[in-house]
Amino acid sequence: MSYWSEKVSIRNLCVPRFMGAPLDGITDSPFRTLIREFSTEELLYTEMRHAATVAHDNGRLKTLCFSNTEQPINFQLAANQLTFIERACEKIIAHGVASIDLNAGCPAKNVVKSGSGSALMADLPRFKTIVTTIRNCIPNHPFTVKIRAGFKTINALEVAQMLQDCGVDAIAIHPRLQTQRSEGRPNYVLAGEIKKILSIPVFISGDIIDWPTAKSVYEQTGVDGFLIGRAIWSRPWKLRELREHSLGNPFTITQSDMLTYALKHLDMMLNYYGPDGLLRFRRHLPFYLRELPRASELRNSLITNRSEQEVKQQLQNILPKLS
Ligand SMILES: Cc1cc2nc3c(=O)[nH]c(=O)nc-3n(C[C@H](O)[C@H](O)[C@H](O)COP(=O)(O)O)c2cc1C
């Protein structure tokens with residue numbers, strides 16, 4: 001069996017090496033459901049949700065509103081204090097998720113200001129207490145942590161060792177500093193160093209867009225798995241494409257398929273969010289169109305369309321021209 005056909009084990013969970021990264025506002029329930037049309041086994045991270053939000057959600061915020069089809073899901077929590085963690089973990093586990101992830105990588109100002117996300121990388125005693133608390137709440141469930149290279153300075157090696165010592169089952173690293181956000185080259189050398197010192201699986205996140213980049217990053221780092229972020233945005237077939245290409249199998253998607261899935265995605269968003277679905281879908285639409293002829297003209301006219309019927313009609317009008 002080759003590295004690429006083997007799965008990776010996160011405690012008792014066995015999943016393919018390519019996984020869907022958390023993308024707030026993008027990898028929501030409808031999008032995860034659409035990904036399942038192509039990839040049934042891959043681990044899909046949810047968008048980050050704060051422990052307090054999950055603990056207090058009585059259904060209105062839909063933080064725990066997903067279907068079995070979406071499993072295996074890695075539910076991503078943010079936390080800055082211990083108060084809500086136990087209740088949040090109880091609720092998440094009761095919904096049958098495959099695993100829980102702690103976000104220690106988000107660079108957003110409001111998140112960092114509250115002391116969660118990547119701010120944890122700059123406060124190791126608090127980070128350790130939060131990790132230990134989650135571990136104790138879910139002693140038998142897979143538990144992963146997503147980190148950065150560091151906050152303002154690199155300390156991911158020390159953090160990774162601490163996480164393994166606390167009993168975390170796998171880590172994912174986006175090897176950039178908080179100050180870099182998504183800019184500059186990811187520090188793959190650092191990821192390789194972390195892989196060398198840990199015995200738990202190490203996943204990489206950052207700039208993996210296709211099979212050649214995944215292969216090259218594997219050769220540089222030796223990591224166990226790959227979180228695919230921006231490359232899955234409006235490409236629900238991306239994880240399948242990566243898996244097939246890594247196994248030496250062909251996989252292509254036609255422009256008319258792209259549009260058909262865009263229409264399907266819009267319907268799923270409308271079903272899930274009601275009329276708000278169209279507004280949320282507008283974040284996906286330009287990406288679905290990017291490879292079509294006259295994409296920018298098309299995008300401008302679709303963005304100004306007000307109603308779901310207008311958007312659907314215009315997309316349907318393009319379809320026959322592509323087939
Ligand atoms: C729109 C957007 C939303 C994101 N939301 C999250 C999030 O909720 N949790 C998280 O850990 N990372 C989040 N990230 C970071 C990604 O998971 C990933 O680590 C980063 O984009 C680098 O990987 P990529 O080059 O494959 O996109 C987000 C990134 C983007 C672009």
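How many salt bridges are there between domain 1 and domain 2? Two, taking a salt bridge as a side-chain nitrogen of Lys or Arg within 4 Å of a carboxyl oxygen of Asp or Glu.

Before you click around: this is a predicted model, where local features need pLDDT of at least 70, side-chain atom pairs count only at pLDDT 80 or more, and totals for chains, interfaces and linings use all residues. Residues are numbered from 1 along each chain as its sequence is written, and side-chain values use heavy atoms, with hydrogens and water left out.

**Whole chain.** Start zoomed out. The chain has 14 helices and 11 strands; these are DSSP runs numbered from the N terminus (helices H or I, at least four residues; strands E, at least two). The radius of gyration, taken over C-alpha atoms, is 20 Å, close to the 20 Å that the globule rule (2.2 Å times the number of residues to the power 0.38) gives for 323 residues, so the chain is as compact as a globular protein of that length. Its C-alpha trace spans about 60 × 45 × 35 Å along the principal axes.

**Two domains.** Now colour 8-246 as domain 1 and 255-322 as domain 2; the bounds come from an automatic or database domain assignment. Their C-alpha centres lie 29 Å apart. The contact (heavy atoms within 4.5 Å) takes 18 residues from domain 1 and 14 residues from domain 2.

**The interface.** The two domains bury about 1,600 Å² between them, 59% of it on carbon and sulfur atoms. That area is the accessible area (1.4 Å probe) that two parts lose on being put together, summed over both.

**A salt bridge to select.** Pick Lys264 and Glu37: they form a salt bridge, with the closest N and O atoms 2.9 Å apart. A search of the whole structure finds 21 salt bridges. Lys264 sits in helix 10 (residues 255-273) and Glu37 in the loop between helix 1 (29-35) and strand 4 (44-45), so this pair ties together parts that are 227 residues apart in sequence.

**One loop, two backbone stops.** A cis peptide bond joins Gln71 and Pro72, with omega about 0°. Lys62 lies in the loop between helix 2 and strand 6 too. Check the phi of Lys62: near 60°, a positive value in a residue other than glycine.
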